[in-house]
Amino acid sequence: GRTARGVGNRVFGDGSSARAGRVRTGFGKRIHWTTGPNRGAGAARNTGLGMGTGDFIQCFDADDLMHPTKIARCVDRMRDMAAPSLVYTLQKVVSLAPDDVPARQWNRRTGFEDPIAFMLQGDLPTPAPLHRRSTLLELGGFDERWSCAQDREFHLRLALAGVKFQLIPEVLFTIRRRSGS
């Protein structure tokens, strides 16, 4: 896929494995890396936000897969929108546990015009939106006190702050569920 301008190449770790470090070295100086003790997803995302230099931020978890055009498609749409705004896409959910029931698909293709009502009706998965870095910084990033659902709390806080949500109705990432995830 093509590279989206304005999106910095930054990777950060939160208690990451040695394998992640080996993968990182293959990218040379294109990847900026930090690691430390596992302080949770909110702290890891805030560290990445602080390291980022681009206009846009894409959060992503290690077990998810980004489709090759996700960033470019979202950046193209975001450039046409006034701030504060975010663009989100649909996802495919797959289960990697052999005895697991098929993964629940929970895309909401239409949502609500009102982002607050949209968030009260369900979740917006962490990798779904592309964010404006300036908006994330203005709102103070993720609340590190939350051990789970920090993305839900954060997206609801964005909605309450007047951020506009816009859907690109395409499946542009895959969430992989494992036993215990």
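Helix H6 lies across strands E3, E4 and E5 of this predicted model. Its direction runs at about 55° to that of E4. Axes are lines fitted to C-alpha atoms, for helices over the stretch in contact, and angles run from 0 to 180 degrees between N-to-C directions. Helices (H or I, at least four residues) and strands (E, at least two) are DSSP runs, numbered from the N terminus.

The model is predicted: local features need pLDDT of at least 70, side-chain atom pairs count only at pLDDT 80 or more, and totals for chains, interfaces and linings use all residues. Residues are numbered from 1 along each chain as its sequence is written, and side-chain values use heavy atoms, with hydrogens and water left out.

**The sheet**

The sheet is open and holds 5 strands. Their order is E1-E4-E3-E5-E2, and the pairing is mixed. E1 and E2 stand at the edges with a single partner strand each, so one side of each has no neighbour in the sheet. Helix H3 (residues 70–78) also packs on the sheet. H3 touches E1, E2, E3, E4 and E5, where contact means heavy atoms within 4.5 Å. The direction of H3 makes about 170° with that of E5.

Two strands pair if DSSP finds at least two bridges between them.

| Strands | Sense | Bridges | Residues facing each other |
|---|---|---|---|
| E1 (residues 56–57) and E4 | antiparallel | 2 | Ile-57 and His-131 |
| E3 (residues 85–95) and E4 | antiparallel | 3 | Tyr-88 and Pro-129 |
| E3 and E5 (residues 164–177) | parallel | 11 | Val-93 and Ile-175 |

E4 (residues 129–132) is covered on both faces. Pro-129 and His-131 are buried on one side. Leu-130 and Arg-132 are buried on the other. Buried means under 20% relative accessible area, exposed over 50%, and partly exposed in between (1.4 Å probe, protein chains only).

**The chain as a whole**

The protein chain has 6 helices and 5 strands. Along the sequence they follow the pattern α-α-β-β-α-β-α-β-α-α-β. Buried residues make up 39% of the 181 residues. Among contacts with a separation of 6 or more, 71% join residues 24 or more positions apart. The chain exposes about 10,200 Å², and carbon and sulfur atoms supply 51% of that area. Accessible areas come from the Shrake-Rupley method with a 1.4 Å probe; for residues, only the protein chains shown count as cover.

**Salt bridges**

Side chains of opposite charge can pair when their charged atoms come close. The structure holds 5 salt bridges. A salt bridge is a side-chain nitrogen of Lys or Arg within 4 Å of a carboxyl oxygen of Asp or Glu.

One of them joins Glu-144 and Arg-39, with the closest N and O atoms 3.8 Å apart. Glu-144 lies in the loop between helix H5 (133–138) and helix H6 (150–160), and Arg-39 lies in the loop between helix H1 (18–25) and helix H2 (41–51), so the pair ties together parts that are 105 residues apart in sequence. Glu-144 is partly exposed, at 39% relative accessibility.

Another joins the side chains of Arg-45 and Asp-61, at 2.8 Å from N to O. This pair links distant parts of the chain, 16 residues apart. Arg-45 sits in helix H2. Asp-61 sits in the loop between E1 and strand E2 (65–66). Arg-45 is buried, with a relative accessible area of 8%, whereas Asp-61 is partly exposed at 29%.

**Back to helix H6**

Glu-153 is buried at 18% relative accessibility. Arg-157 is partly exposed at 22%.

A polar contact of 2.9 Å also joins these two side chains. A polar contact is a pair of N or O atoms within 3.5 Å; within protein, one must be able to donate a hydrogen and the other to accept it, and residues adjacent in sequence count only if both atoms are side-chain atoms. Leaving aside residues up to four places away in sequence, Glu-153 touches Asp-143 and Trp-146.
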